[in-house]
Number of protein chains: 2
Amino acid sequence: MDDGRRIERALDNAVAYAEAPGAPPRLAEAIRYAVFPGGHRIRPRLCLAVARACGDDDPRASDAAAAAIELLHCASLVHDDLPCFDDAAVRRQKPSVHVAYGEPVALLTGDALIVLAFETLARGAARSSGRLAALVGLVARAVGSPAGIAAGQAWESEPCVGLSQYQQAKTGALFAAATVAGAAAAGVEPLPWRLLGECLGEAYQVADDLRDVACRQEEVGKPVGRDATLGRPNAAALLGMEGALRRLEHLAHEAIEVIPPCPGAETLKAEVLAQTRLFLPARLTAGLAA
Amino acid sequence: MDDGRRIERALDNAVAYAEAPGAPPRLAEAIRYAVFPGGHRIRPRLCLAVARACGDDDPRASDAAAAAIELLHCASLVHDDLPCFDDAAVRRQKPSVHVAYGEPVALLTGDALIVLAFETLARGAARSSGRLAALVGLVARAVGSPAGIAAGQAWESEPCVGLSQYQQAKTGALFAAATVAGAAAAGVEPLPWRLLGECLGEAYQVADDLRDVACRQEEVGKPVGRDATLGRPNAAALLGMEGALRRLEHLAHEAIEVIPPCPGAETLKAEVLAQTRLFLPARLTAGLAA
């Protein structure tokens, strides 16, 4: 089964638990709406790619790790889109969750997705005791305080913000979690895998900044030009289009170089390069060296 | 060390992780503000009482379970108080989190507390492999969808609501989690302990209804008369004060009867009776048989 189908199946299995009989119908519907159809599923693909490079000796644990990371990503999108944050009406080419289901259900959808992520880990990684503790800890660190997604978002409410701290927490942490969780799910020491995730997280942030400046809403599925509107730092604005594209290319190659020694390193390198190509629409990557 | 100190210490240890260097200062402050000073800590006390009745052979796991349950309770209070739900300005005798720190930080505080609860479990129960998986699963079920706190709150957004389903999810689920998690933390089969938690959860709901009708804001630390204002069902309104007090007494005695056989059953019975006394101010319980 290819990774795309593995990920959709794992997510479908996870969401089915939250929709079980007795669930409030609108909440259950909103949870599925927030998860399907997805974007490129970049983070869970990265998680599975690392797990496979490390041997993937417990595929249920890897599936659970990949699904948990995507569920947490979806939760963060639902909460970020709320009126008190980005007040975004469109996400993944359709109305954002609070527009479709109202603010109370959207807030609870995010909460339920966070909980579901940890429940999914417990269900999928229960047989490998040490792995479950590692996975819960690594994944929690990527989404809570002091340095996960919630902390990243909270920097927007501080008078003084360190830009790299902000971006590392808001975007980088979940990429780093994808690589370390992939390794932990396969029973491999996770920490050497953090740098790969951090490189790719920064690359993704640069790509996101480029899309915000250079794409149309129809291409990216959400409003563009937001950074300028909201006065946020943007790599393309800081470095210029050409400079930001070169930075992205540099980070993608750096990512290849920091992959730790492992049985599937060569395949993983090819996968990482292919993945980073997906960060941007083809018309923008035409300028990148092959 | 008595249970009260055990609980405060476990919560302090947990919160310290979320405040570690690098955390956004206002988020870190809001997380501590949401957890301290607490209320009666009824749920973690119940969790520890059950763990002790079952032998409490891994106190770090019991502490983690108790702390996780209280962190999730605090998270639910922060989110419930938000303008899109109860819009409550006061909680535990002080401004609610969104009044003190603004809506964005309050929302993220709730998210971070949910994450911290699971992180705390992973840290405290890592050595007992099967126990961690059980604890994460049992606790997650109490707060997510289909039947946890998020689901309970979501019933308020549904056109048709089953009252018992609503109350069971919104209040009962976390009480049930307190008892089953206490048993699981001590390595005992958790499911026979669910009924005790369910009885106490229903008793607590009746007491909460009584306080809403019969207490002043200064006595309970939050606004009263909310059920009538918001058109919500209330046991004291339905059964009368006398009827609701009798129902509470009945549930407290039923709870005693459903305690499963265990080494510390007699002590636990006394503790449960003492706990249920705390559900109401003394002037209201004067009418209850001793």
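Me: By what turn can chain A be laid on chain B?
Reply: This is a predicted model, where local features need pLDDT of at least 70, side-chain atom pairs count only at pLDDT 80 or more, and totals for chains, interfaces and linings use all residues. Copies are superposed by least squares on the C-alpha atoms of residues with pLDDT of at least 70 in both. Chain A lands on chain B with an RMSD of 0.0 Å and a shift of 0.0 Å along the axis, by a turn of 180°. That is the relation of a two-fold axis.

Me: In chain A, which residue has the C-alpha nearest the axis?
Reply: Residues are numbered from 1 along each chain as its sequence is written, and chains are lettered from A in the order in which they are written. The C-alpha in question lies 2.2 Å from the axis, and its residue is A:Ser129.

Me: How many helices and strands does chain A have?
Reply: Both are DSSP runs: helices are H or I with at least four residues, strands are E with at least two. For chain A the tally is 15 helices and 2 strands.

Me: What radius of gyration does chain A have?
Reply: The radius is taken over C-alpha atoms, and the globule rule is 2.2 Å times the number of residues to the power 0.38. With 290 residues, a compact globule would be near 19 Å. Chain A agrees with that, at 18 Å.

Me: What share of the residues of chain A count as buried?
Reply: Buried means under 20% relative accessible area (1.4 Å probe, protein chains only). Of the 290 residues of chain A, the buried share is 60%.

Definitions and conventions: Heavy atoms only, no water. Buried < 20%, exposed > 50% of the residue type's maximum accessible area, 1.4 Å probe, protein only.
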